[in-house]
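This briefing goes with the sequence and structure shown below. Its points are grouped by topic.

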Amino acid sequence: MLTRIMTGLLLLMTWVSAGLAQDAVLSVDLDANESSPYWSASMPLDGMCGEVVHAVSEAAGITSNIQYKPLKRMIEDDSNNDLGNPEFFMVNQEFADIIPVCLYQAAIFYYAPNHKEKIILQSIDDLKGYRVGILTGTLVDRSYFESAGVVFEESYSRESMFKKMKLGRIDLCLVIDLVGHQIINQLFPEQHDNFVAIQLVKSTAPLAILLAKDYPQAEVIGDKYRQGLNRIIQNGTYEEIMRRYDGGAHTQLDWLKQLRHFERLYGIREAGNP
Amino acid sequence: MKPIISKQALLSLSLLLLGMMLISSPASATGPRVTKALFAIDKSEIHTLDFPPYLSSEMVDGGPISEIVNKALQHAGIDAVISTHPVQRMVKYYLLQENALAIMGRHLNLSSETRKDLIYIPVAVMTEMFYYYKPRYPNGLSWSGKLESLKGKTYGAHKGEDASAYQHAGIAVKQARTIKLLKMIASGEVDFAAIPPLTGNWLLSKYMTADKENFAVMQRPAQNEVFYIIFNRKHADGEGMAERIRKALMKMVDDGSYAEIVKKHLGAGEVINLHMGDLKERLGIKVK
């Protein structure tokens, strides 16, 4: 009789502790690179994507701790969890799960008072005749653009590109969309409406939570993050966060369709590790 | 698996790699990379695995294979762009799920059913070398040209690589991606792996700098691997474009412009032959 009671108690304790473990708040460490306004230690709730990650975590019952590190160190570390564009990290690291949570896009900006007519870019030919500012080290297909007659001017900082553009020393600037808007607001807040952004649709890329292959409970955590993301999309929280940062520009991206596309593309869980 | 590489060629490769480390200007990861694909609205895409230094958005003009294919596309009047991806699975996703015009790569391990819908056009023939870890083999590791001489060892095969010859020779096989294979060699999980030397050294310099000097290659070349552009018959333009690109590549080999591009990226001399092999004969076969 005593043995049966003891066995029953033991089973009850095991069941209770298992239940508690299930309900215990998971704490996850995630590395990010300072890249305002997407991820930033100096912005409330870590910037736009940081805020999405915290909202996803809250809906999922997870505490996410975002730590800021240099991008090079994040790429070289092959055992950490990362936040960012998966393509940067997948070459050197295997992941248990990848959950795209935000999107970003590049844009070409111009300063309207320097141009008599509206600039329309539908193909590379439309860039002919303009001096295009880009960041040093980002030009890949150099020969192709040269043979197409496109002239690039490389700069070490985005800020100097916008200053040159306003002075008319270059005609266009190619940068990440929200980064460009942020620079304009910092440098020329009164002139914001004079800067025009042309979205480059093909540049759309995801920003994701990447869980390291050997991270404890990575699959459970991945499932929870995914459920949390779906919850904040359904209850409107996601839309509200995006709108606060981009003023509704994300709606032009067909963002939900794009986010689902990247979920399938990076769907490691269904396909096995790459 | 007869040796096709001389000591002089190996020396050229080593010098070339050193030169590349000094003069290459990889694209920064913090800004949008300025590629042809960025402006490719409504253009067909050719998806491929990032394969530095031959094909990568970190290289000027995307590396030699990218420039060769872009030139061939131009000659053939095909308006398409190359998109690179970090893992093979993504390349297959675009082919199988999104009906892409074409993909590029090697070791793709596509099913025989899928292969019926594909047309393989060779773009480069690459010499691979066996990498091993010197601290595990302080007296060196070599092979006779017959895989049986490596019996009892463990071979690191690329995901999708046909490693049956190794298994038949009594060699255990483990599969992984190239960078992972190098890490497995260092940890002792595998003894050796066949990798194009420029790729192996590029990855070691970028991701395993501190350990790079501990790696060595066996003197005798491992094997030749063909890098293909693979057109999709299910895509409306796939079949016609395959034949046009074959002819364009053939013309580039004949008129020397193919070799010029290799020379621009990798240098002159025997190195050119190491990346062309019997490409001309392979390209001579018409698309069926």
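The model is predicted. Chain A contains eleven helices and ten strands, and 49% of its 274 residues are buried.

**Chain A overall**

- In chain A, 69% of the contacts between residues at least 6 apart in sequence join residues at least 24 apart.
- The accessible surface of chain A is about 13300 Å². Carbon and sulfur atoms account for 53% of that surface.

**The five-stranded open sheet of chain A**

- The strand order is β7-β6-β8-β5-β9 in chain A, with mixed pairing.
- At the edges are β7 (151-155) and β9 (195-199) of chain A, each of which pairs on one side only.
- On average, neighbouring strands in this sheet are turned by 30° against each other, direction ignored.
- Helix α6 of chain A, residues 158-167, packs on the sheet and touches β5 (106-111), β6, β7, β8 and β9 of chain A. The direction of α6 makes about 150° with that of β8(A).
- Strands β6 (residues 131-135) and β8 (residues 172-176) of chain A are paired in the parallel sense, over two bridges. Within this pairing, V132(A) is opposite L172(A) of β8(A).

**Nonpolar cores**

- The largest nonpolar core comprises 92 residues. Y38(A), F162(A), Y225(A) and Y238(A) have the most contacts inside this core.
- Strand β4 of chain A, residues 95-104, gives the most to the core, contributing eight residues.
- Beyond its neighbours within four places in sequence, F162(A) is in contact with F109(A), C173(A), V175(A), G180(A), I183(A), I184(A), L187(A), F188(A) and F195(A).
- Another core, of 44 residues, lies apart from the largest one. Its members include M104(B), I121(B), V123(B) and F227(B).
- In soluble globular proteins, nonpolar side chains tend to be buried together.

**Cysteines**

- The count of disulfides over all chains is zero.
- The closest cysteine sulfur to that of C49(A) belongs to C102(A), at 3.1 Å. A disulfide requires the two sulfur atoms to be within 2.5 Å, so the sulfur of C49(A) is too far from that of C102(A) for a bond.
- C49(A) is buried, at a relative accessible area of 0%. C173(A), one of the contacts of F162(A), is also buried, at 0% relative accessibility.

**Cis peptide bonds**

- In chain A, the peptide bond from S36(A) to P37(A) is cis, with omega near 5°. P37(A) is in the loop between β1 (26-32) and α2 (47-60) of chain A.
- In chain B, P52(B) and P53(B) are joined by a cis peptide bond with omega of about -5°. The place of P53(B) is the loop between β1 (44-49) and α2 (64-75) of chain B.

**Positive phi in chain B**

- N99(B), although not a glycine, has a positive phi of about 50°. N99(B) sits in the loop between α3 (88-96) and β3 (102-105) of chain B and is partly exposed, at 32% relative accessibility.
- H107(B) is not a glycine either, and has a positive phi of about 50°. H107(B) lies in the loop between β3 and α4 (112-115) of chain B. With a relative accessible area of 11%, H107(B) counts as buried.

How values were computed:
Residues numbered from 1 in each chain as written. Chains lettered and ligands numbered in written order. Predicted model: local features only at pLDDT ≥ 70, side-chain atom pairs only at ≥ 80, totals over all residues. Heavy atoms only, no water. Helix = DSSP H or I, 4+ residues; strand = E, 2+ residues; numbered from the N terminus. Buried < 20%, exposed > 50% of the residue type's maximum accessible area, 1.4 Å probe, protein only. Contact = heavy atoms within 4.5 Å. Areas by Shrake-Rupley, 256 points an atom, 1.4 Å probe, with all protein chains shown as cover. Pairing = 2+ DSSP bridges. Axes fitted to C-alpha atoms, helices over the stretch in contact; angles between N-to-C directions. Core = buried A, V, L, I, M, F, W, Y, C linked by side-chain atoms within 4.5 Å.
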